[in-house]
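Q: Can you take me through this model? I would like to start with the pockets and then look at a strand.

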Amino acid sequence: MKFDKYQAAGNDFIVINGLERSGLDYNNLALKICDRHFGIGADGILVCEASDLGDIRMLYYNSDGSQGEMCGNGIRCFAKYIYDHDIVKKDNISIETLAGIKYVYIEVDKRGEAESIKVDMGYPLFESSKIPFALERGEVLKEEICIGGESYSFSAVNTGVPHLVIFVDDIDNYDIDSLGKNLESHSLFPQKTNVNFVEIIDRKNINIYTWERGASRTLGCGTGSCASVVIGNKLNLVDNRVDVKTEGGYLSVKIDEDWKIYMSGDAVHIGAGDFYLYSNI
């Protein structure tokens, strides 16, 4: 099976053209192919499929085999793949996801390949039942949660997938892996949650470390970056246009007056090859 590998802000993905091959067990495939010791290694896989609603459909699977509704850095990699491989050769692409249609705008480099990619991420969902959050709230802002005897103030929002956001003074003083793992599966989040630790540099710049639902700690998260800027702006901590530094790179997030989110950044092709399919996939 042929594959291509991409990364965006350090978030790495394996892209598969499902238009050429169908009927695979993608849950099992993701679990095997994403393994960094016995597979190729990635945070998740992206699959191209035909769509009746948009130009193309993107399926996303986490490295643990679970399917995700959307992936912000992933959709930029997906857009570069379909553009550079002439699958959808348009500078304005509609991509169907489990979180709805996402509109992607392509700027090309001197070689005619996709370089800068802007994604219309749609609108954030603040209502507790839409995140979802176990307690009934109008909005989930400045709630308290106790982990390991320590109390943390957090807010939550759905930016295609559920996100928990914690603002910290010094991001390197927190045990991201331990806290992230415990918060991901906390009973307050019935569908689990992604966890973002955010350090505000100034009103236009933030640092973010992310623990992703189904993928553990990753070097970047597009939907998490969007969630962090949305919550930061909601709490009047940052402006409506913010540059985000993740552990693996950079991206920018802009919020319109009506809360529509736009995420911009690049995507990089790492390589391509063939993967041997086990008989049980």
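Predicted model: local features only at pLDDT ≥ 70, side-chain atom pairs only at ≥ 80, totals over all residues.

A: Residues are numbered from 1 along each chain as its sequence is written, and side-chain values use heavy atoms, with hydrogens and water left out.

Q: What volume does the largest pocket have?

A: About 150 Å³. A pocket is an open set of points on a 1 Å grid over the protein atoms alone, where a 1.4 Å probe fits, with protein on both sides within 12 Å along at least five of seven lines. The volume is the space filled by probe spheres set on the points, which are joined across faces, edges and corners.

Q: Which residues line the largest pocket?

A: Among them are Met1, Phe3, Val15, Asn17, Arg21, Tyr81 and Gly273; a lining residue has an atom within 4 Å of a point. Strands β1 (2-8) and β2 (11-17) each supply at least two lining residues, strands being DSSP runs of E with at least two residues, numbered from the N terminus.

Q: Staying with β2, is it enclosed or open?

A: Seven of the seven residues of β2 are buried, so β2 is largely enclosed by the rest of the structure. Buried means under 20% relative accessible area, with a 1.4 Å probe and protein chains only. Asn11, Phe13, Val15 and Asn17 cover one side, and Asp12, Ile14 and Ile16 the other.

Q: And what is Asn11 in contact with?

A: Leaving aside neighbours within four places in sequence, Asn11 contacts Tyr6, Asp43, Cys71, Asn73, Glu212, Thr218, Gly220 and Cys221, where contact means heavy atoms within 4.5 Å. Asn11 has 1% relative accessibility.

Q: In which sense does β2 pair with β1, and with β3?

A: With β1 it is antiparallel, over five bridges, and Ala8 stands opposite Asn11. With β3 (residues 44-49) β2 pairs in the parallel sense, also over five bridges, and Phe13 stands opposite Gly44. Pairing needs at least two DSSP bridges.

Key: Helix = DSSP H or I, 4+ residues; strand = E, 2+ residues; numbered from the N terminus. Buried < 20%, exposed > 50% of the residue type's maximum accessible area, 1.4 Å probe, protein only.
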